[in-house]
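Hi there,

Here is the structure I promised to pass on. Have a look at it first, and then read on for my notes.

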Amino acid sequence: MDERTRSCTWNDFCEYLALFSQEDDFVLVAQEMDLDLGPLKDLPKDKVLISSASDSNMILNAAGLALNGKKPWIIGVSSKILSRSYSQIRESLAMPSLPVRIAVPDGGLSCGEEGASRIMTEDMTLMRAMPNMSVAIPSDRNSTRGIIDAARKSTGPVYIRLGQTPLSQLKNDPDEDFSFGGARFLREGTSVTVCTCGIMAHQALKAAEILDQQGIDVEILDCYSLKPFPEQTLLASVRRTGCCVVAEEHSSVGGLCSATAECLSRTYPVPVKFVAIDDQFVHSGAPEELREYLGLTWKEIVSAAAQAWALRRR
Amino acid sequence: MKITRISELKQIASEVRKDIVKMVGVARSGPLDFPLLISDLLVYLYWEEILSLAESPKRVDRDRFCLGAEDGVPALYSVLARRGYYEREELWHYRRLGATLQASPDFRRALGIDAPCVTSGTELSIAAGYAESLGRENNKARVFCLLGEEEFSSADFFLEAERCGKRNISNIIIIIACKSIETPNIPDLQAPCMERLSEFGWRVFDMEGCDFASMEKTFNVLNSEPAQPTAIFASLRNGRGISFGDVGSAGTKKTLNTESMDRVLEEMEGRSNG
């Protein structure tokens with residue numbers, strides 16, 4: 001892994017999004033804050049709307065812009081935007097299905113030092129449960145760019161979870177398609193399907209190397225589009241492998257674990273194991289420490305895959 | 001304004017009130033008090049002030065209207081129907097499954113609806129975003145926003161009002177519907193609110209929201225001055241146009257049954273003819 005090419009999805013996002021700032025319908029909606037906006041901080045004044053200190057007002061300002069044909073990008077801290085402004089997102093963006101994109105820089109445990117009140121491990125649950133909302137989570141630079149492209153084309157609201165942890169490039173195919181409702185194969189195999197997203201995709205690849213040595217041939221699906229969920233891709237994989245492990249840096253309630261279990265139990269029931277955060281609020285700590293503490297590493301994926309494989313349909 | 005014109009508007013408002021009673025009566029649910037109170041105000045806005053044509057409902061330079069008080073929805077629906085945005089027949093399906101006129105206005109279903117009506121947060125922020133975006137495009141359209149007086153106690157409202165003042169969003173006109181009855185020993189919230197808005201750089205007016213001459217006078221003044229964020233406090237203390245009798249006057253969402261609906265309509269007819 002080349003350390004020089006590692007970058008966090010938030011920086012990738014700012015860098016790539018700035019390329020589209022000259023488009024007519026582009027407006028960045030934010031509050032005055034300390035976020036590192038990279039090239040986005042130099043946008044012309046008419047491309048930025050700095051809202052008041054109220055998160056609710058920021059969401060409603062963006063709705064007003066969208067009513068006039070703009071496609072605003074809201075950026076802000078997940079714990080504030082999603083919890084304080086849930087009803088505004090619901091009523092002013094999701095119900096009328098306005099093309100407003102919400103991007104948060106502090107997804108998952110990547111700002112773990114900030115503590116439980118700032119670590120939102122149920123963000124995807126909240127957004128996924130909201131009708132009309134698309135939910136995406138990139139796992140590297142290419143997927144960040146692809147998701148931005150998909151969000152630009154979207155006619156409804158989109159939630160994008162980004163992070164601060166530097167990540168390497170998972171695949172070197174710049175032409176990969178990241179349309180909503182899709183998933184990408186990071187590795188093909190026949191023994192266990194590992195359904196993952198975001199930073200856990202990197203752990204899944206490490207786990208696959210170990211499992212390979214044990215004779216378990218893992219197939220890894222990067223479900224960057226949590227909603228719409230890539231049901232057919234998942235089913236095609238699970239029909240080959242007969243079992244599934246879900247790994248996500250999120251609560252096991254309502255996120256990728258739930259989406260996968262809902263899909264499989266409805267259509268093709270197989271043994272499923274979760275590697276995710278139990279139903280709890282997390283402590284403060286360095287992101288890497290927290291991941292170890294909460295069992296979000298390749299080791300847990302190896303263990304879960306071995307168990308799922310033992311239980312699989314034969 | 002000529003007396004004949006005032007009579008015409010009064011007649012229209014009276015018909016709007018009847019529509020509201022019928023809508024809520026037929027639906028057997030829905031707010032009644034507030035829509036009746038704002039009928040005169042909406043009739044004045046849609047017949048005299050707002051540039052908006054049913055024949056070209058998506059005209060780019062049309063004025064926009066954001067309703068920030070969901071309780072006022074039946075009045076808006078009736079006014080839009082009478083302006084020709086859709087058939088009046090639609091009014092009798094208000095709140096029904098699949099109806100164009102949903103309890104919460106849906107701008108994708110009903111022509112003439114410019115914005116969603118939020119029940120939490122301040123509609124001012126939607127209107128401000130809309131107005132700022134229009135202003136950046138040098139579009140001369142104005143954005144009208146009708147708010148309830150509960151905004152007086154909302155921190156978000158004042159934060160947004162301060163932002164509008166700082167940004168000098170000059171194409172926004174908010175109308176605050178004040179229906180409270182002045183009561184001794186209860187602090188008057190309107191005066192401090194007017195003062196704060198003035199400090200933020202808003203033009204502030206007050207008018208009788210049930211008096212067409214008062215409304216005309218106010219709009220004549222504001223239209224003759226250079227544009228800046230504008231707030232109008234509209235007193236609606238005597239605007240229902242009917243006595244409720246046993247229908248109840250305190251609860252705004254008290255349901256009308258068929259009998260009481262007929263009685264209220266009868267009273268309204270009597271007043272129209274009288």
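This is a predicted model: local features need pLDDT of at least 70, side-chain atom pairs count only at pLDDT 80 or more; totals for chains, interfaces and linings use all residues.

Chain A gives 23 residues to the contact and chain B gives 24 residues. On the side of chain A that touches chain B, helix H2 (55–67) and helix H4 (86–94) each supply at least two residues, and the largest share, nine residues, is from H2(A). By type, that side of chain A consists of nine nonpolar, eleven polar and three charged residues.

H2 of chain A turns up again at helix H6 of chain B: it is part of what covers the buried residues of H6(B), along with helix H5 (123–136), strand S3 (172–178) and helix H7 (190–199) of chain B. Those buried residues are B:Asp156, B:Phe157, B:Phe158, B:Glu160, B:Ala161, B:Arg163 and B:Cys164. The length of H6(B) (residues 155–167) also checks out, because 13 residues at 1.5 Å a residue should span 18 Å, and the end C-alpha atoms are 18 Å apart. Just after this helix, B:Asn168 has a positive phi of about 45°.

Now to the core. The largest nonpolar core holds 181 residues, and those with the most contacts inside it are A:Val194, A:Val245, A:Val246, A:Ile301, A:Ala305 and B:Ala177. Domain 1 (3–161) and domain 2 (184–309) of chain A both contribute residues, so this core lies between them.

Best wishes

Technical notes:
Residues are numbered from 1 along each chain as its sequence is written. Chains are lettered from A and ligands numbered from 1 in the order in which they are written. Two residues are in contact if their C-beta atoms, placed from the backbone, lie within 7 Å. Helices (H or I, at least four residues) and strands (E, at least two) are DSSP runs, numbered from the N terminus. Ala, Val, Leu, Ile, Met, Phe, Trp, Tyr, Cys and Pro count as nonpolar, Asp, Glu, Lys and Arg as charged, and the others, Gly among them, as polar. The expected span of a helix is 1.5 Å times one less than its number of residues. A residue is buried if 20 or more other C-beta atoms lie within 10 Å of its own, exposed if 12 or fewer, and partly exposed in between; C-beta atoms are placed from the backbone. A nonpolar core is a set of buried Ala, Val, Leu, Ile, Met, Phe, Trp, Tyr and Cys residues joined through C-beta atoms within 7 Å. Domain bounds come from an automatic or database domain assignment.
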